[in-house]
Amino acid sequence: MTFSHFARRTTTIGLATMLAGALVACDKPAGPSASTAAAPAAPAAADKSIPTFVFGLANEPRTLDPAYVYDGDTLRILDQIYETLVQLKPGTAEVVPGLASAHTVSEDGKTYRFTLRDGVTFHDGTPFNAAAVCFNFDRLYNFKNVQQTLSLSTFWQNVFGGFATQDLPSSPKSSLYASCEAPDEKTAVVHLTKPSSALIPALASRYFGIVSPAAIKQYGDSVEISGASFSFPGKFGTEHPTGTGPFKFDKWQRGDKLVLARNDAYWGNKASIQSLIFKAIPDGPARRQALESGEIDGYDAAAPQDVEALRGEGYLVVERPGYNVGYLGFQNKTPPLDNLKVRQALSHAVNREALVRSQYPAGAKLATQFLTSDVPGFNPDLKSYSYDPELARKMLAEAGHPNPTIEFWYPTGVSRAYMPDPKAIMEAYKADLEKVGVNVVVKAVPWTPEYVAGSQGKAPIYIVGRLGTYADASDFLDSLFINGRMATSPEIIAGLAAARTEVNLEKRAEQYRKINAEIMELAPGVPFVSAPTHLVFKAGTKGFVASPIAQESMASVHH
């Protein structure tokens, strides 16, 4: 079904797609080597099992509590441990049944009744039931103090808004979430304060992975902040992460490896891999060498220049569509970037086309707005800022800042689809800015949640991006603009809030098209790329299904 389900009294997700933004291209193989992984594998026979499979990560996790996770490497691990009420059909952005076999929606769009699966237990042996579902919603809703920090609970705030209490000045004042009740063990009823056309797609995100209430209560989920850094004295996310998924936590040797074991009590098809190991190798070339030496069996985000060579060497290369937007952000609170004409001038100063050609693989698209072209609400008529150094110089002079000195942040210790080499991107844009008279002061900052939060509050110019987490315009635009993290306006914030509750598909898409135009006129930054990523596996690997949102299970991988 589509977002028009609010006009119906009841609906079940097993009958049709659940979202307006399903990515049409995702049903097709991504490329020659991806065809091997284009469809889910049949249940693995005994001779297809894999005793050990090692996957290389760019970064080691900090916690495995889904409520506090922000980075793609950790999300990959969460996809193996936790499950959600609804989930994505493998290889697509279509929402299908998950831990809930079906659900209905009230006519006013404010009450969701989930029918839960039978025979599901958490890894600690406790039952998955309606009380556990309500515990999970209430847990997030009742976050207090530092737990309400935007860089920790971003996803809850993007989807549901506020908390039961407003403990921080930055905490939203109201919440979409009202309550949850469990009339019986297999029925969970979620009540909202108003309709939300984005709720069901959002609930498919691993940020809403269902955790064991018993494990949370026994081991704790506390978090502390010191300066700009977070620590997790609660042991749930670091020593006892407990979900219902096909793999369960085994051990974590910090600085070496994190090991998951097959969940032999899993309610669905058992995983082929018996021991799934994640090993952090921050350096990209080192990850390739580790694959070639046999130290690891696969890794994500292969360097664009390595893809064809690895394919030629016989490795399985799987392309994931580019459901992301990389952008150059501008902080608009201090001079000279508080001047609209300066921001617009800088938007004309950077040669986005040349950067995409030189730094990204075939298949990368030039971004024109803070939304991918696959999602309803993308504005195809929106004209992006052209590369025009002469106009940029003229506008800077007219703004009274012909030779401004501006600090430029870029992250270190990270590689993302939208920024495979942050330093190279910075250097290209630095050269462009210097050509129009800008004195650029470079600042390298380690990639952490604090970089993301700081870049959108302290850094005058910065490189970052947005990886889509569910297939809806609100996922991109609300996260960037409704919380005031980027240059915005009361009109834009009000427009985003209205679009979230609009249940008519075409009206909603038109609202987002208008909002996209308003955002780009405000020049909060320069979107420049939506880039595919490539995963590489050793020869003979089968059954991996790439997701457009990088929400991928390793349970189907076999030999």
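Reader: How many aromatic pairs does the count come to here?

Author: Happy to start there! Keep in mind that this is a predicted model. The count comes to 23 aromatic pairs.

Reader: How should I read one such pair?

Author: A pair of aromatic rings is described by the distance of the centres and the angle of the planes. Take Phe160 and Tyr177: their ring centres are 6.1 Å apart and the planes stand at 90°, so this pair is edge-to-face. Phe160 belongs to helix α3 (residues 154-160) and Tyr177 to strand β6, so the pair ties together parts that are 17 residues apart in sequence.

Reader: Is Phe160 buried or exposed, and what about Tyr177?

Author: Phe160 is buried, with a relative accessible area of 2%. Tyr177 also counts as buried, at 1% relative accessibility.

Author: Now try a second pair, Tyr327 and Phe370. With centres 5.2 Å apart and planes at 70°, these rings are edge-to-face. The pair links distant parts of the chain, 43 residues apart: Tyr327 sits in strand β15 (residues 324-330), and Phe370 in the loop between α10 (352-359) and α11 (389-398). Both Tyr327 and Phe370 are buried.

Reader: Which residues do ring pairs link into a cluster?

Author: The cluster consists of Phe137, Tyr141, Phe155, Trp156, Phe160, Tyr177, Tyr207, Phe208 and Tyr470.

Reader: Which residue lies over the face of Trp252?

Author: That is Arg254, at 3.5 Å from the ring centre.

Reader: Let us turn to disulfides. How many does the structure hold?

Author: A disulfide is a covalent bond between the sulfur atoms of two cysteines. The structure holds one, and this disulfide joins Cys134 to Cys180 with an S to S distance of 2.1 Å. The link of Cys134 and Cys180 is left-handed, with -65° about the S-S bond. Cys134 lies in helix α2 (residues 130-141) and Cys180 in strand β6 (residues 177-184), so the pair ties together parts that are 46 residues apart in sequence. Cys134 and Cys180 are both buried.

How values were computed:
Residues are numbered from 1 along each chain as its sequence is written. This is a predicted model: local features need pLDDT of at least 70, side-chain atom pairs count only at pLDDT 80 or more; totals for chains, interfaces and linings use all residues. Side-chain values use heavy atoms; hydrogens and water are left out. A disulfide is a pair of cysteine sulfur atoms within 2.5 Å. Helices (H or I, at least four residues) and strands (E, at least two) are DSSP runs, numbered from the N terminus. Buried means under 20% relative accessible area, exposed over 50%, partly exposed in between (1.4 Å probe, protein chains only). Rings of Phe, Tyr and Trp (its six-membered ring) pair if their centres lie within 6.5 Å; planes under 30 degrees apart count as stacked, over 60 as edge-to-face and the rest as tilted. A charge sits over a ring if NZ of Lys or CZ of Arg is within 6 Å of the ring centre and within 35 degrees of the ring normal.
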